[in-house]
Amino acid sequence: MVIAKTVDGEIGIMPQHAPVLGVLVEGGVLRVKREGESDLVAAVHGGFISVADDEVSVLAEAAELGSEVDVAAARDALDRAQASIEANQEDSDAAVEAKRARARLRAAGEEV
Amino acid sequence: MGAQLRLLRRRITSVKSTAKITRAQELIASSRIVKAQQRMQAAIPYEREITRAVTGVVSNAASVDHPLTVAKDNPAKAGVLIVTSDSGFAGGFNANVLREAEALRGHLEGRGLSVVPFVTGRKGVGWHTFRNREMGGSWVGFTRKPAYSDAKEIANTLIESFKDDNGIDEIHIVSTEFVSMLTQNVVVKRVLPLEVEETEATETTTIPPYFEFEPTAADVLESLLPRYVESRIFTALLQSAASEEAARRRAMKSATDNANELMRVLTQQMNQARQAEITQEISEIVGGANALADAAAGKE
């Protein structure tokens, strides 16, 4: 099963799912539940999920597997983004950065 | 005679050093092609999927009127993205692209459209500034190793101009397609408005007749189309980068071959000149000795 977060909310896709094309949120976490194996978790930033012919493809602008996330770097990025949000409330770039950093940490299995 | 010999020697040295440079360029280009090809390969799955998604949306939601899919009734301006390289020494690479761009310009103007060129690569930009052609946008400095953010920047400029009422109404790309190490073709593609392509009915992976959209078809299209344009431009940039290196390798190889041939001819000429000089010296000495001998014989 594939679980992704679209702009409408979380969507879980089981085998034989009807064709769907969804827009993914910025800084979401994608989870692929596999039989007999541990979950595949990835931080996905923006993009699309498309389901067709019993195949799920995720087109992301940027993505990173949970196991590959540099936790220290992501924490650092989150701290920096939050600092600049506190300094300037309307800093939308920093808000996106913070979202991305959070998604990366969550994908790596860290508490945020 | 001595002067000619020295002249030939000097030419041989200069040809030899040129050959060294072109040979090095050839080797550099060959190693770069491999990397450029790998980058090209890496981008293929994304482009394939996004094209599939766009096809899915457009063929499913015919009712969706998005400014990016609908051809304007009276197109007045056409934007042409011309993909050239930053550096020369690549044979006819840039000339071919620019020639094709000129042909497209003529064709579009024949349809009553005015053409706005958007140019990437120093060579193309130089070509346009030299002719005082106004450009809608120009980007330089990344043609050897284009990043996705470069494609994004270009796409944003083009899409903004496309959405603008006084902006461009069509987007074409003129770039070089990398077919193989030996074959690169200049291709002209229309990106927007989307072109309806007849797909073969025998294709096994047909798109299912319906699609659900999250949240709505229009929203999906709204965010999907810019990505699609970006991806098309990115592919064009990558293919052009690989083609540039391939063209350079070929140009440098023939330059090296020519230099070697020239060296062979010049060496032959030099040897001839040296031999002629020696022959002359000998005949002078023999002639002198004979004259002395004759003079001595006459005295007796």
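Reader: How many residues of chain A are in contact with chain B?
Author: First, the ground rules: this is a predicted model, where local features need pLDDT of at least 70 and side-chain atom pairs count only at pLDDT 80 or more, while totals for chains, interfaces and linings use all residues. Residues are numbered from 1 along each chain as its sequence is written, and chains are lettered from A and ligands numbered from 1 in the order in which they are written. Two residues are in contact if their C-beta atoms, placed from the backbone, lie within 7 Å. By that rule, 16 residues of chain A touch 19 residues of chain B.

Reader: Which strands of chain A supply at least two residues of that side?
Author: Strands (E, at least two residues) and helices (H or I, at least four) are DSSP runs, numbered from the N terminus. Here S3 (20-23), S6 (48-52) and S7 (55-59) of chain A each bring at least two residues to the side that touches chain B. S3(A) gives the most, with four residues.

Reader: And how do S3(A) and S6 of chain B pair?
Author: Strands pair if DSSP finds at least two bridges between them. S3(A) and S6(B), residues 212-214, run in the parallel sense, with three bridges. Look for A:Leu21, which sits opposite B:Phe213 of S6(B).

Reader: What's the order of elements in chain A?
Author: Chain A has two helices and eight strands. From the N terminus they go β-β-β-β-β-β-β-β-α-α.

Reader: Is strand S1 of chain B mostly covered or uncovered?
Author: A residue is buried if 20 or more other C-beta atoms lie within 10 Å of its own, exposed if 12 or fewer, and partly exposed in between, with C-beta atoms placed from the backbone. S1(B), residues 77-83, is mostly covered, as six of its seven residues are buried. In chain A, 33% of the 112 residues count as buried.

Reader: Which strands pair with S1(B)?
Author: S2(B), residues 114-120, pairs with S1(B) in the parallel sense over seven bridges, and B:Gly79 stands opposite B:Val116 there. S4(B), residues 170-178, is also parallel to S1(B), over five bridges, with B:Ile82 facing B:Val174.

Reader: What do S1(B), helix H2 and S2(B) make together?
Author: A crossover is right-handed if, with the strands pointing away from the viewer, the path from the first strand over the helix to the second runs clockwise. S1(B), H2(B) (residues 93-110) and S2(B) make a right-handed β-α-β unit.
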